[in-house]
Amino acid sequence: MIRIKAGVPRRTRPRTRARRPLRRALALGLPTVWGAIAITYKLTCPLAQQNSLGARIVTSAVFFAVGTGLIVQVRRSLLRELRQVRQIAGAAQNALLRPLPPRLDGLNIAAAQLSAERGAVVGGDLYEVIATEHGVRVVMGDVRGHGISAVGTVAAVLGSFREAAHDEPDLDGVLRRLERALARHLRERARAEHPSTGTLDPDSPVAEEFVTVLLLEIGRDGEVRGLNCGHPWPYLLSGASVEPLARADPLPPLGPFPLPTELPFVCCGQLLPGEALFLYTDGAEDARDTRGRFFPLKDALTAAVAQHPLPVPQSVLGSVFTALLRHAGGTPTDDVAILILRNDRKLAFPNLGARGTARPVTGDPHPTNYPQHNGV
C-alpha cells in the first residue's frame, strides 16, 4: 500500500532538487558517451580499418558492447519512470477507493476489490462505509464496463456519496444526490467528446452509461434499511445460514431512467450481534471457469461460514476470493468487489438470543412479532 505523506521536510527539498539535474545529465550523457566511443573507434582506430577476420571480430565486439550499454541504460530509465508512474497511480487509486478501517462504530469490516484491468487497483466497482449521525451508511456500486475507463464515473459517484451521507437525513436524499452527480459527470464527458454541441448524443456510448447502486443504513439498534438500483441484494450470514437480506425487486440502475417521485426504502430487519452482511458486485457471480460455468457464490459462502460459527469477515473474504480465483483460473474477466460487515456491538437487551428465538426490543413477549430480514 502506498501512503501519501502530508508534507516533505524543507531540508530534504534542496537535495532532491539538486539530484534532478544530475539524473537528467546522466540520462542524456551516457548514451552520448557510448555513441562517441563507437564513432571514435570506427574513425580513428587502425584495427577498425582492417578487413581481416580478427579485426572484424574485435569491431563487432566493440559495437556489441556499445549497443548493450545503450539498451541497458534505456531499460533502466524506462523502469525508473515506470516505478514512478505506478507509485503515482497507486496513490491516486488509493485516494479514490480508500482502504476501509477494520472497525467502524461497532462494525467489523473487511473489503477487497479486484480489477479486470491488469496493473490497475481500481476498476468499475465502488464501495464506501461512513459513520454518520443518521447511522452507518454503506454504498456498493458497479459502473457499466470495467477497468480504467470506468474510474471517472466511480470518482463522481463516490465523491457525491461521501458528502451526501453526512448531509442528507434520509436515504432517498442520498440516492437523488448520486443521480444528479452522475448526470453532471455524463454531461461533462459529452461536452469533452463533442465540444461543438456540448450535448449528450443519444447514440453516444456516454448515453448508455449506467451505475447499479445499493445503499444501506445500519442504525444503532441494528435496524437495516436499503435502497437498491439494479444491484444484487447482499447475503445475510447468521451462524451457518446464508440467505439474501431482502427479496424486493430493485429499481432500475442510475443513468438510463430518472428516479421515481416516491422512493420508499426497504426495511430489511435487524442485524443482530454476531451476524454479518456480505455485499458484492455481479462480477463475483458472473465469473466463469474454462467450461463456461458460473461461480457458485452462495455455495462458496456456505462453505466459508461453515468453518467459522461466528463469521470472521477477513477469513470469509479470503476464502471466497481464493475459491473465486481458483474457479476463474486467474483474473476474472470483470471487476469484482466484496464488502463484509459484521455487527460486533454488545447486546443492548439481555433477552436477545439467536435469530428466530430473539425477543423484540419493544419487550413484546411474542417472538413472532420480531422483525425478520426476509419479510419484505
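Which residues are exposed on the other side of helix 7? I looked this up first, in what is a predicted model.

**Entry: helix 7**

I found Asp299 and Ala306 exposed there. I then listed the buried residues of helix 7, which spans residues 297-306: Leu297, Ala300, Leu301, Ala304 and Val305. Looking down the axis of helix 7, I see these buried residues within an arc of 125°, so they line one face of the helix.

I next asked what the buried residues of helix 7 pack against.

I traced an open sheet of six strands in the order 1-2-11-10-7-8, with antiparallel pairing. At its edges I have strand 1 (103-104) and strand 8, each of which pairs on one side only. I counted three bridges between strand 7 and strand 10, which pair in the antiparallel sense. I find Leu237 opposite Ala276 of strand 10.

I checked where helix 8 sits: it lies across strand 2 (107-114), strand 7, strand 10 and strand 11 (336-343). I read its angle to strand 2 as about 20°.

**Entry: aromatic rings**

I looked for aromatic pairs and the count came to two. I have Tyr235 and Tyr280 as a stacked pair, 5.7 Å centre to centre with 15° between the planes. Tyr235 belongs to strand 7 and Tyr280 to strand 10, so this pair ties together parts 45 residues apart in sequence. I list Phe278 and Tyr280 as a tilted pair, 6.0 Å centre to centre with 35° between the planes. The ring pairs link Tyr235, Phe278 and Tyr280 into a cluster.

Are Tyr235 and Tyr280 buried or exposed? I find both buried. For Tyr280 I have a relative accessibility of 4%, which counts as buried because the cut-off is under 20%. Phe278 is also buried, and I note its relative accessible area as 0%.

**Entry: whole chain**

I finished with totals for the protein chain. I count eight helices and eleven strands. Of its 376 residues, I find that 39% count as buried. Its accessible surface comes to about 20,900 Å², and 57% of that belongs to carbon and sulfur atoms. Of the contacts between residues at least 6 apart in sequence, I note that 69% join residues at least 24 apart.

Notes:
Residues numbered from 1 in each chain as written. Predicted model: local features only at pLDDT ≥ 70, side-chain atom pairs only at ≥ 80, totals over all residues. Heavy atoms only, no water. Buried < 20%, exposed > 50% of the residue type's maximum accessible area, 1.4 Å probe, protein only. Helix = DSSP H or I, 4+ residues; strand = E, 2+ residues; numbered from the N terminus. Arc of directions from axis to C-beta. Contact = heavy atoms within 4.5 Å. Areas by Shrake-Rupley, 256 points an atom, 1.4 Å probe, with all protein chains shown as cover. Pairing = 2+ DSSP bridges. Axes fitted to C-alpha atoms, helices over the stretch in contact; angles between N-to-C directions. Phe/Tyr/Trp six-rings, centres within 6.5 Å; stacked < 30°, edge-to-face > 60°.
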